[in-house]
Amino acid sequence: MGKHKLLVVEDDAGLQKQLRWSLDAYDVVAADDRESALSQLRRHQPAVVTMDLGLPPDPDGASEGLALLSHILAAAPDTKVIILSGNQERAYALKAIAMGAYDFHQKPLDADTLALVIARAFYLHAMQQENRRMLQIQSDSPLAGMISRDPVMLKLCRNVERVAPSSATVMLLGDSGSGKELIARGLHQLSGRSGKRFVAINCAAIPENLLESELFGYEKGAFTGAQRQTQGKLELAHGGTLFLDEIGDMAMPLQAKLLRFLQERVIERVGGRTEICIDVRVVCATHRNLKALAAEGAFREDLYYRLSEIVLTIPPLRERAGDRALLAHHFRNKFCAGESRPVLAFSTEAMAAIEAYAWPGNVREMENCIRRAVIMADGPQILPADLGLPDGAEENLNLRQVRDAAEYRVMVQALARADGNIVKAAELMGISRPTLYDLMSHHGLK
């Protein structure tokens with residue numbers, strides 16, 4: 001394998017020569033001003049760039065260097081730019097970091113330290129590129145769309161894999177936007193019925209007087225406007241899976257008819273007299289407490305027990321440790337590709353806002369929010385103003401009571417924000433890498 005391309009932007013010929021010599025582990029290409037640097041960037045597409053901020057025609061200032069940094073991050077946002085600055089330029093170097101530079105190294109240069117910083121930059125770039133390739137590859141798993149590192153969600157996915165091959169009726173409980181239909185499709189694809197149809201119907205979206213004919217079909221002349229015989233969703237799903245979303249909104253008379261189907265596995269079309277045998281697996285979902293509704297008489301208790309042979313609960317996004325940052329990165333990559341934009345970076349404040357917000361609309365709300373931010377962002381970073389989220393308040397914790405829980409939550413959030421990079425996650429937490437490994441082992445996180 002050839003050497004990695006490293007672009008060195010330095011107008012001092014002597015220092016440029018020194019860098020070529022000390023960094024001979026890389027294929028070094030050099031530039032001494034903004035135009036030649038951008039030309040080398042387009043030609044070689046280096047993963048890492050080292051640059052001096054003082055470039056002609058402003059060698060004593062930082063205007064050219066900061067302008068070049070802005071161009072590099074706009075043209076190739078994944079590029080890791082390392083600023084080489086003197087003590088008097090420290091303020092400019094910190095400004096460059098705020099703009100999106102990877103790191104800075106003060107002059108006079110320490111060859112070993114600089115080599116370590118550059119090696120880490122190449123490693124991080126390679127890991128991010130590999131992660132992007134993995135996101136772009138269509139996985140064979142029906143649950144590939146369930147992006148999560150939360151242990152409760154991962155356990156749910158394992159339960160879906162266990163339940164799917166059975167014929168049991170499954171009830172999915174979870175807030176709106178938490179991924180109930182995605183889980184239902186996973187149950188279908190992992191079952192022996194995957195070759196047949198998956199038919200979904202939202203019980204809350206169809207008027208009560210039309211839902212019966214939508215489910216069971218109708219005969220010609222059954223009612224005004226019924227000009228031909230029409231199959232219902234149950235017949236269309238024969239051999240496959242029927243997904244009844246928001247089952248808690250179904251009217252009581254229709255609940256009785258659905259109960260009879262679940263018991264007898266036969267239906268009669270509206271206006272018909274012939275019994276039709278149907279083989280279908282029923283999966284239902286609701287954000288309402290059906291057990292409480294049954295106790296109040298607002299939902300049939302016998303239907304509740306028939307539907308809840310197996311109950312799977314999907315936790316809301318606010319309870320999924322680390323998933324807010326993980327999903328934000330996922331949707332950013334997805335929509336940057338879809339909108340043909342360079343991959344944007346989240347500012348520190350934007351990521352803090354994402355993690356502080358409760359997301360009452362769950363994954364669906366986050367998806368819409370990140371898409372809007374990708375479209376509206378002006379520059380290489382997504383800022384809090386692009387997200388349009390309300391200011392979040394810090395959670396008040398009693399460390400003596402919730403130390404382990406808080407420790408775990410912070411750890412998985414750091415791992416998610418660092419995209420699985422152990423070194424970066426340890427830096428975010430302010431601990432050493434061995435300490436982070438010990439914490440992961442303590443909490444059973446691989």
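**Reading local features in a predicted model**

Biologist: Ala358 is found in the loop between α14 (348–356) and α15 (362–376). What do labels such as α14 stand for?

Modeller: Helices (H or I, at least four residues) and strands (E, at least two) are DSSP runs, numbered from the N terminus. Residues are numbered from 1 along each chain as its sequence is written, and side-chain values use heavy atoms, with hydrogens and water left out. This is a predicted model, in which local features need pLDDT of at least 70 and side-chain atom pairs count only at pLDDT 80 or more, while totals for chains, interfaces and linings use all residues.

Biologist: Is Ala358 buried or exposed, or does it fall in between?

Modeller: The terms rest on relative accessible area: buried means under 20%, exposed over 50%, and partly exposed in between (1.4 Å probe, protein chains only). Ala358 has a value of 40% and is therefore partly exposed.

Biologist: Which residues is Ala358 in contact with, leaving aside its neighbours within four places in sequence?

Modeller: Contact means heavy atoms within 4.5 Å. By that rule, Ala358 is in contact with Arg318 and Arg324, once neighbours within four places in sequence are set aside. Sequence and space can also be read side by side. Between Ala358 and Pro316 there are 42 residues of separation in sequence, and 9.3 Å in space from C-alpha to C-alpha.

Biologist: What describes two packed helices?

Modeller: Two packed helices are described by the angle between their axes and the distance between the axes. Axes are lines fitted to C-alpha atoms, for helices over the stretch in contact, and angles run from 0 to 180 degrees between N-to-C directions. Here, helix α3 (residues 63–75) packs with helix α4 (residues 90–99) at an angle of about 15°, and their axes are 11 Å apart. The two helices α3 and α4 are therefore roughly parallel to each other. The cut-offs are these: angles under 35 degrees count as roughly parallel, over 145 as roughly antiparallel, 65 to 115 as roughly perpendicular and the rest as oblique.

Biologist: Is the crossing of α3 and α4 left-handed or right-handed?

Modeller: A crossing is left-handed if the near helix is turned anticlockwise from the far one by less than a right angle, and right-handed if clockwise. The crossing of α3 with α4 is right-handed. On the α3 side, Leu66, Leu69, Ser70 and Leu73 make the contact, and on the α4 side Tyr92, Lys95, Ala96 and Met99. Sorted by class, the contact of α3 with α4 has six nonpolar residues, one polar and one charged. For these classes, Ala, Val, Leu, Ile, Met, Phe, Trp, Tyr, Cys and Pro count as nonpolar, Asp, Glu, Lys and Arg as charged, and the others, Gly among them, as polar.

Biologist: At roughly what angle do the axes of helix α8 and helix α10 cross?

Modeller: The axes of helix α8 (residues 208–216) and helix α10 (residues 252–264) cross at roughly 15° and come within 11 Å. Helices α8 and α10 are therefore roughly parallel to each other, and their crossing is left-handed. Leu211, Glu212, Leu215 and Phe216 of α8 meet Leu254, Lys257, Leu258 and Phe261 of α10 in this contact. Six residues of the contact of α8 with α10 are nonpolar, none is polar and two are charged.

Biologist: Which backbone angles deserve attention in the loops?

Modeller: Pro56 and Pro57 are joined by a cis peptide bond with omega about 10°, and Pro57 lies in the loop between β3 (48–52) and α3. Another cis peptide bond joins Lys107 and Pro108, with omega about 0°. Glu246 is not a glycine, yet has a positive phi of about 55°. This residue, Glu246, is buried, with a relative accessible area of 9%.

Biologist: How many disulfides does the structure hold?

Modeller: A disulfide is a pair of cysteine sulfur atoms within 2.5 Å. The structure holds zero disulfides. Cys369 is in none, and the nearest cysteine sulfur, that of Cys336, is 13 Å away. Cys369 counts as buried at 2% relative accessibility, whereas Cys277 is exposed at 59%.
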